[in-house]
Amino acid sequence: MKSRSSCLALCFVLAALTLFVALPVRAGALVIATVDSAHMRRLQTLSSEFEKANPEIRIRWVVLEESELRRVASADVETRDGLFDVITIGIFKVPIWAASGWIKPLRSPDDFDVDDLLPTVRKALSYQQELYAAPIYGESSMLMYRKDLLKKAGLTMPDRPTWTEVAAFAAKLHDPANGVHGICLRGRPGWIENMALVTTMVNSFGGQWFDAGWRPQLDSLPWKKAVGLYAELLNRYGPPDAASLSYGENLSLFASGRCAQWVGPTVAAEVLTNPESSAVAGEVGFAAAPYEVTAKGAQWLWAWALAIPSSIDPVREADARKFIHWVASRDYVELVAARQGWRAVPTGTRRSTYARPEFQRKAPWAVHELEAMLDADPENATLPPSPYPGIQFAAIPEFILIGDEVGNLIAEALAGRLSVEEALARGQDAAQRRMVRGGYPR
């Protein structure tokens, strides 16, 4: 008998299918669960080309908001109900689900050209040296800034600034009378929201989530310094509602000319440098993500990828593999370039994309993104040795709940309802309880 939590999770899946799958399709179509993002919307449009080349295969899309995708995909693979034939998965889940036997190894053919994949992305999507998910696009983090504002203030951005330098620049560039905030950062609580940024800050201040004995470290000095600076930056030089702002809101603020600096995902550069979507397109500069004590773990690593649930109908498995190989191929990159231009191609996946002169001319951020992604090392992301892989997260099942709890507490500190010390003390206790329940140390 399934547990009550599994049954509840399955209800999310059924509700999602009811809400998002309304068009009639022939029986046996590939059902693909994916996230609602620009790259995935392009894929949905261009997947008709795959269907033309493979008339025996039809595709049915289930498009979900990111948090909903995580819930319904997790429910499907854990209950092995087989509602999806292909799922969109982030790098956090790949080794965990692969170790549990919930997704299948891809065993890619030679023409998939796995050696062309960025090594850090390929490694993050592998388990025991075998690829379990194929990347659609990847990203790291970097500092984006207004070149015109820095020039006017007589400032020069270093190629790799420290957080101390970024804070000093924020103080000089903050101009609320003219609608410009000195800095914009993620504030919305959650393990993949504010904690993605905060964890990279903690890493760069010499901290970690857990020491070698799996003891939480939130009451350590690096955490206090990093979170203290994070709260000070946003409270003094950030937007007034910073605790509620995530990627989309910060992107809009910067694109409308209201942010002097933003530490955010490299994927945002395509929007910010496009005159059709950004009022400051010609004035955007790029630098490496800030560090402080160490550059280890200062920039995150993420990728959305496609994987095949182990519960897939064997009849459709070959079709699923064919589709995934097509999406993650060089040919698909060329198709996007031909239809929508080189600015729109999926980045953060293949070396060959960054080597194309056409892409280099259209993507002034390309060299910064590639360097960030190649430097990111999930297995060596903290100054003291850590027992977990991961940069902006600790790749253990318990982390999602821990990250969400701590993220909420830090948002409370940002809103002034808790001090930084109180938030971290409560976070330390919460993390310790979760780790004990999880049986750590193991």
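Rings of Phe, Tyr and Trp (its six-membered ring) are taken as a pair if their centres lie within 6.5 Å, with planes under 30 degrees apart counted as stacked, over 60 as edge-to-face and the rest as tilted. The model is predicted, and local features need pLDDT of at least 70, side-chain atom pairs count only at pLDDT 80 or more, and totals for chains, interfaces and linings use all residues. Residues are numbered from 1 along each chain as its sequence is written, and side-chain values use heavy atoms, with hydrogens and water left out.

## Aromatic pairs

Across the whole structure, 23 aromatic pairs are found. Trp209 and Phe399 form an edge-to-face pair, because their ring centres are 4.9 Å apart and their planes stand at 90°. This pair links distant parts of the chain, 190 residues apart: Trp209 belongs to the loop between α8 (194-204) and α9 (221-237), and Phe399 to helix α17. Elements are DSSP runs numbered from the N terminus, helices being H or I of at least four residues and strands E of at least two. Both Trp209 and Phe399 are buried, a term that means under 20% relative accessible area, whereas exposed means over 50% and partly exposed lies in between (1.4 Å probe, protein chains only).

A further edge-to-face pair consists of Trp302 and Phe393, at 6.4 Å centre to centre and 90° between the planes. Trp302 lies in strand β9 and Phe393 in the loop between α16 (366-375) and α17, so this pair ties together parts that are 91 residues apart in sequence. Trp302 counts as buried at 7% relative accessibility, and Phe393 is buried at 5%. Trp209, Phe399, Trp302 and Phe393 are among the members of one aromatic cluster, which also includes Trp304 and Tyr440.

## Pockets

A pocket is an open set of points on a 1 Å grid over the protein atoms alone, with protein on both sides within 12 Å along at least five of seven lines; a 1.4 Å probe fits at the points, and lining residues have an atom within 4 Å of a point. Points are joined across faces, edges and corners, and a volume is the space filled by probe spheres set on the points.

| Pocket | Volume | Lining residues |
|---|---|---|
| Largest | about 1500 Å³ | 47 residues |

Glu66, Ser67, Arg70, Ile192 and Trp304 lie nearest the centre of the largest pocket. Helix α3 gives the most to its lining, with six residues. The lining of the largest pocket comprises 21 nonpolar, eight polar and 18 charged residues; Ala, Val, Leu, Ile, Met, Phe, Trp, Tyr, Cys and Pro count as nonpolar, Asp, Glu, Lys and Arg as charged, and the others, Gly among them, as polar.

The lining of the second largest pocket divides into 14 nonpolar, four polar and three charged residues.

## Backbone geometry

Most residues other than glycine have a negative phi, and most peptide bonds are trans. Tyr440 and Pro441 are joined by a cis peptide bond, with omega of about 0°, and Pro441 is placed in the segment after α18 (420-437).

Arg80, although not a glycine, has a positive phi of about 55°. Arg80 is found in the loop between α3 and β3 (86-90) and is partly exposed, with a relative accessible area of 46%. Gln129 is not a glycine either and has a positive phi of about 65°. Gln129 lies in the loop between β4 and β5 (130-131) and counts as exposed at 81% relative accessibility.
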